[in-house]
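This report describes a protein chain from its overall fold to selected side-chain contacts. Please consult the sequence and the structure shown here while reading.

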Amino acid sequence: MNYLLLAISLFLVSCKNQQQNNNDIVLTDSLVTKPNPYLNADQSPMDMSYFPADYPLKMMEGKSVGVLSARVIYSRPHKKRRQIFGDTDSSLCRYGREWRLGANEATEIDFFRDVYINKTKIAAGQYIIYCVPFEDKWTIILNTKLHTWGLHMDPTKDIFRTDVKVQFQNPSLEDFTMVFVPASYGADLLMSWDNVKVMLPISFTPQ
């Protein structure tokens, strides 16, 4: 009888421990980010956007892909509670000063066909795209000096500039983002960060 009671007691203790272990597993947050063990991990990862947006997926699936019209290659900085746009020393992107539209190497835009931006023809090719932000508008600039690093561009290589209106958004966006949005005339290049976004209209036919 004593052996039976001992066996039952051990069984109940085992079940309790198992329940505690299961609870521990359930309560563990699997989404907690662990420190990256690789020392050279970039905190502003490089990204690439296409138009049409599904071009890479269709290519990998071996499907008909149509015409690749444009691509933008940039690095995505994070807000990290910083003031992004403004006119103070603490502003990451100061009004009236050039900004490379991202981090690290200057942002590159590739046109695989001739395009038109505000009635100006832009020949197919590779360009640096950067901006000068203001409170109510951004001046978008195309430049031919590729592989530029740092915060300053060579203005003698500028080939085109145009102004686009600033729009405000809520909630704000943590990661700087550039994507192509389909439009009746071609596409808009959306550039967005924090509570601000702008749209650069790109036409694939003469205006």
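## Burial and the setting of S49

A residue is called buried when its relative accessible area is under 20%. S49 has a relative accessibility of 10% and therefore counts as buried. The model discussed here is predicted.

S49 is part of strand β1, which covers residues 46-51. Its side chain reaches the backbone oxygen of M178 at 2.6 Å. Leaving aside residues up to four places away in sequence, S49 touches A70, R71, V72, Y74, M178, V179 and F180.

## Overall architecture

The chain contains two helices and twelve strands. Their order along the sequence is α-β-α-β-β-β-β-β-β-β-β-β-β-β. Among contacts with a separation of 6 or more, 56% join residues 24 or more positions apart.

Of the 207 residues, 35% count as buried. The accessible surface of the chain is about 13,100 Å², and carbon and sulfur atoms account for 56% of that surface.

In soluble globular proteins, nonpolar side chains tend to be buried together. The largest nonpolar core of this chain comprises 35 residues, and F111, W138, L189 and M191 have the most contacts inside it. Elements that give two or more residues to this core include β2 (70-75), β9 (137-143), β11 (167-183) and β12 (186-203). Strand β12 supplies the largest share, eight residues.

## Aromatic pairs

The structure holds eleven aromatic pairs. One of them joins Y74 and F176: the ring centres are 5.8 Å apart and the planes lie at 85°, so the pair is edge-to-face. Because Y74 belongs to strand β2 and F176 to strand β11, this pair ties together parts that are 102 residues apart in sequence. Both Y74 and F176 are buried.

How are the rings of W99 and W193 arranged, stacked or edge-to-face? Their centres are 5.8 Å apart and their planes lie at 20°, so the pair is stacked. W99 is in the loop between β4 (93-94) and β5, whereas W193 is in strand β12, so the pair ties together parts that are 94 residues apart in sequence. W99 and W193 are both buried.

These two pairs belong to one aromatic cluster formed by Y74, F85, W99, W138, F176 and W193. In another ring contact, K137 lies over the face of F134, at 5.6 Å from the ring centre.

Key
Residues numbered from 1 in each chain as written. Predicted model: local features only at pLDDT ≥ 70, side-chain atom pairs only at ≥ 80, totals over all residues. Heavy atoms only, no water. Helix = DSSP H or I, 4+ residues; strand = E, 2+ residues; numbered from the N terminus. Buried < 20%, exposed > 50% of the residue type's maximum accessible area, 1.4 Å probe, protein only. Polar contact = N/O pair within 3.5 Å; in protein donor to acceptor, adjacent residues only side chain to side chain. Contact = heavy atoms within 4.5 Å. Core = buried A, V, L, I, M, F, W, Y, C linked by side-chain atoms within 4.5 Å. Areas by Shrake-Rupley, 256 points an atom, 1.4 Å probe, with all protein chains shown as cover. Phe/Tyr/Trp six-rings, centres within 6.5 Å; stacked < 30°, edge-to-face > 60°. Lys NZ or Arg CZ within 6 Å of the ring centre and 35° of its normal.
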